[in-house]
Amino acid sequence: MLQISTLSKQFGEMRAVDNIDLAVRTGSFYGIVGPNGAGKTTTLSMVTGLLRPDSGSVQVHGIDVWGDPGAAKRAIGVLPDRLRLFDRLTGAQLLYYSGILRGLDNASVRERSADLAAAFGLEDALNRLVADYSAGMTKKIALACAMIHSPRLLVLDEPFEAVDPVSAANLIEILQRYVAAGGTVVLSSHGMDLIERVCDSVAIIVQGQVLASGTLDEVRGKASLEERFVELAGGRKAAEGMEWLHSFSD
Ligand SMILES: Nc1ncnc2c1ncn2[C@@H]1O[C@H](COP(=O)(O)OP(=O)(O)OP(=O)(O)O)[C@@H](O)[C@H]1O
């Protein structure tokens with residue numbers, strides 16, 4: 001479903017993404033993990049046609065994302081990292097806008113909006129401005145907008161950040177049913193337990209490079225995913241120094 005080949009992106013001197021290759025099969029629940037600044041968001045932005053790569057290619061469902069971005073984007077639903085939503089719309093209007101933009105007819109948009117609002121527990125918030133939503137509610141309405149056109153591939157950058165445990169469990173169930181029906185999910189997260197629980201495959205990205213990828217068992221071996229992650233990310237730093245923090249200036 002997704003083939004990333006020798007993808008690179010440099011910002012000035014910084015090689016944010018350095019020759020990344022990844023393959024995600026149809027029906028996979030794929031997790032991308034890595035330390036802050038590792039290049040996850042940059043990679044996912046290039047995958048979804050939001051950021052032009054310096055080199056390399058991305059194929060989604062056999063379509064070259066940068067060769068035919070319109071066709072590729074039809075196959076993808078995206079939850080970007082920094083949410084830039086039209087937040088002077090109500091939740092209902094934002095869902096309507098997303099559905100119509102994706103070519104759905106009126107009746108389908110209304111039916112799907114109601115289903116999504118119920119699934120995410122947003123029924124009572126639909127007529128309020130998105131600008132007034134909490135962080136978690138904003139994330140949920142953005143997720144609903146990403147799903148409304150039933151894409152083949154969902155690319156979700158930190159979908160569980162700020163989402164409460166009940167909503168996260170609902171979302172996981174929705175995604176698991178979507179995958180069981182043949183959809184494909186690629187998500188980034190810092191929640192190792194969650195990735196271990198829901199993903200069948202995972203990639204660990206450190207300093208713009210894929211240091212491990214494959215099925216969950218291939219990547220973690222006999223260790224936990226967190227242990228493998230810490231090992232590949234260069235270990236933990238001992239919390240030394242900063243005595244001033246314990247000197248309490250009052
Ligand atoms: N537009 C930009 N201009 C300059 N540098 C950038 C830009 N976008 C990202 N970077 C840099 O590229 C590197 C990778 O950033 P990226 O956002 O992809 O990391 P990430 O793995 O998603 O991190 P996090 O887990 O903190 O979200 C970082 O060093 C970041 O500062």
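In this predicted model, 10 residues of domain 1 are in contact with 10 residues of domain 2. On the side of domain 1 that touches domain 2, the largest share, 4 residues, comes from α6, and the residues of that side divide into 6 nonpolar, 2 polar and 2 charged. The domain assignment of the protein gives residues 1-75 together with 152-235 as domain 1 and residues 83-150 as domain 2, and the centres of the two, taken over C-alpha atoms, are separated by 24 Å. An unreviewed UniProt entry lists residues 2-232 under "domain: ABC transporter"; this span is 39% helix and 26% strand, and its end C-alpha atoms lie 24 Å apart.

Turning to the ligand, the residues around it are Phe11, Met14, Ala16, Gly34, Asn36, Gly37, Ala38, Gly39, Lys40, Thr41 and Thr42. The elements that give two or more residues to this shell are β2 (14-24) and α1 (40-47), and α1 gives the most, with 3 residues.

Most residues other than glycine have a negative phi, whereas glutamate 158, which is not a glycine, has a positive phi of about 50°. Glutamate 158 has its place in the loop between β7 and α6, and because 19 other C-beta atoms lie within 10 Å, where a buried residue would need 20 or more, glutamate 158 counts as partly exposed. Glutamine 207 likewise has a positive phi, near 50°, in a residue other than glycine, and it lies in the loop between β9 (201-206) and β10 (209-215). With 17 other C-beta atoms within 10 Å, glutamine 207 is therefore partly exposed.

Note on methods
Residues numbered from 1 in each chain as written. Predicted model: local features only at pLDDT ≥ 70, side-chain atom pairs only at ≥ 80, totals over all residues. Near = placed C-beta within 6 Å. Domains from an automatic or database assignment. Contact = placed C-beta atoms within 7 Å. Nonpolar A, V, L, I, M, F, W, Y, C, P; charged D, E, K, R; others polar. UniProt positions renumbered as here; feature names shortened; annotations may be inferred. Buried ≥ 20, exposed ≤ 12 C-beta atoms within 10 Å, placed from the backbone.
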